[in-house]
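Here's a quick tour of a structure, with an eye on packing and charge pairs. Have a look at it first.

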Amino acid sequence: MADYWLISVPGEPTAQQAFDNLNTTTTKASLATNTKFHVPDLKVGTLDQLVSLSDDLHKLDTTTEGIVRKIAAYLGDVLEDKKEKLLENLQANGTDLATYLTRFQWDMAKYPVKQSLRGLADIVSKQVYQIEADLKTKSQSYNQLKGNLAGMERKAAGSLLTRNLGDLVQKEDFILDSDYLTTLVVVVSKQQAPEWLAKYEKLTDMIVPRSSKKIFEDGENCLYTVSLFQKVVDEFKLKARENKYGTHSNSLNWSSVISCRFIPRH
């Protein structure tokens with residue numbers, strides 16, 4: 001982005017002639033491209049008022065620059081790997097910064113020229129601090145959302161022993177609305193998978209033969225379902241622990257899959 005300087009020159013003999021002279025001088029030497037920065041006639045007040053306001057304006061200028069830089073830096077963080085698009089996303093009043101500066105128009109509604117310089121400075125100060133407060137609120141909301149998303153991604157990419165099963169299993173994987181039968185979900189290490197398929201029907205009585213089906217696997221574990229009579233669920237879980245399998249109860253209700261918990265492997 002090009003550098004922009006805001007300068008003032010004596011309007012002699014007239015403001016237009018002074019601007020033309022400036023253009024002639026800078027163009028010949030290829031120093032700059034000049035545009036007018038339109039500022040209306042303001043209520044200047046007395047010299048004492050100007051001196052009194054001078055220090056406050058300096059502080060306001062420093063504060064405003066700091067907040068603007070903070071906004072730009074935060075937007076850069078939000079863009080993450082697309083920081084090259086930062087400049088096109090930095091806008092003022094809905095337009096790019098270069099256009100805003102070179103075609104600046106005073107907003108008479110927000111900053112009435114009938115106000116004193118002190119009054120205008122107070123208006124600007126309140127708006128700047130409101131922008132800072134809004135940035136803080138929005139950044140907190142964004143960081144919370146980003147944290148929640150990161151947590152969801154960790155769960156989605158985590159071990160089958162810790163992640164939510166809601167996005168891995170389907171209704172069709174379960175026996176539903178039965179007074180006698182239920183379906184459990186079992187986490188088996190890949191090394192144990194052949195052993196599981198050979199042993200699961202013998203862990204307890206009342207296991208439905210050939211009911212186990214692999215429904216998902218990750219880098220370390222496989223997720224199997226197994227159907228059995230409800231009366232032997234507790235016994236089956238105990239035997240699963242002894243064989244270092246992790247079980248996840250369907251609790252007889254598909255809607256409870258989201259909230260049920262693993263029995264950790266030992």
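This is a predicted model: local features need pLDDT of at least 70, side-chain atom pairs count only at pLDDT 80 or more; totals for chains, interfaces and linings use all residues.

Let's start with H7, which spans residues 233-242 and buries Val-233, Phe-236, Lys-237 and Ala-240. Looking down the axis of H7, these buried residues sit within an arc of 100 degrees, so they line one face of the helix. Asp-234 and Glu-242, on the other side of H7, are exposed. Just past the helix, Lys-244 has a positive phi of about 65 degrees.

Phe-236 also turns up in the largest nonpolar core, a set of 17 residues; Val-186, Trp-196, Val-226, Leu-228 and Tyr-245 join Phe-236 as those with the most contacts inside this core. Val-226 has contacts well away in sequence, including Leu-184, Trp-196, Ile-207 and Phe-236. A separate core of 8 residues includes Leu-168, Val-187, Ile-215 and Leu-223.

On to charges: the whole structure has 9 salt bridges. Here are three of them.

| Salt bridge | N to O distance |
|---|---|
| Glu-80 and Lys-146 | 3.1 Å |
| Lys-213 and Asp-173 | 3.1 Å |
| Lys-190 and Glu-217 | 3.1 Å |

Glu-80 is in the loop between H2 and H3 while Lys-146 is in H5, so this pair ties together parts 66 residues apart in sequence. Lys-213, at 40% relative accessibility, is partly exposed, whereas Asp-173 is buried at 12%. Lys-190 and Glu-217 also belong to a salt-bridge network with Lys-214.

Terms used. Residues are numbered from 1 along each chain as its sequence is written. Side-chain values use heavy atoms; hydrogens and water are left out. Buried means under 20% relative accessible area, exposed over 50%, partly exposed in between (1.4 Å probe, protein chains only). Helices (H or I, at least four residues) and strands (E, at least two) are DSSP runs, numbered from the N terminus. The arc is that of the directions from the helix axis to the C-beta atoms. A nonpolar core is a set of buried Ala, Val, Leu, Ile, Met, Phe, Trp, Tyr and Cys residues joined through side-chain atoms within 4.5 Å. Contact means heavy atoms within 4.5 Å. A salt bridge is a side-chain nitrogen of Lys or Arg within 4 Å of a carboxyl oxygen of Asp or Glu. Lists of a residue's contacts leave out its neighbours within four places in sequence.
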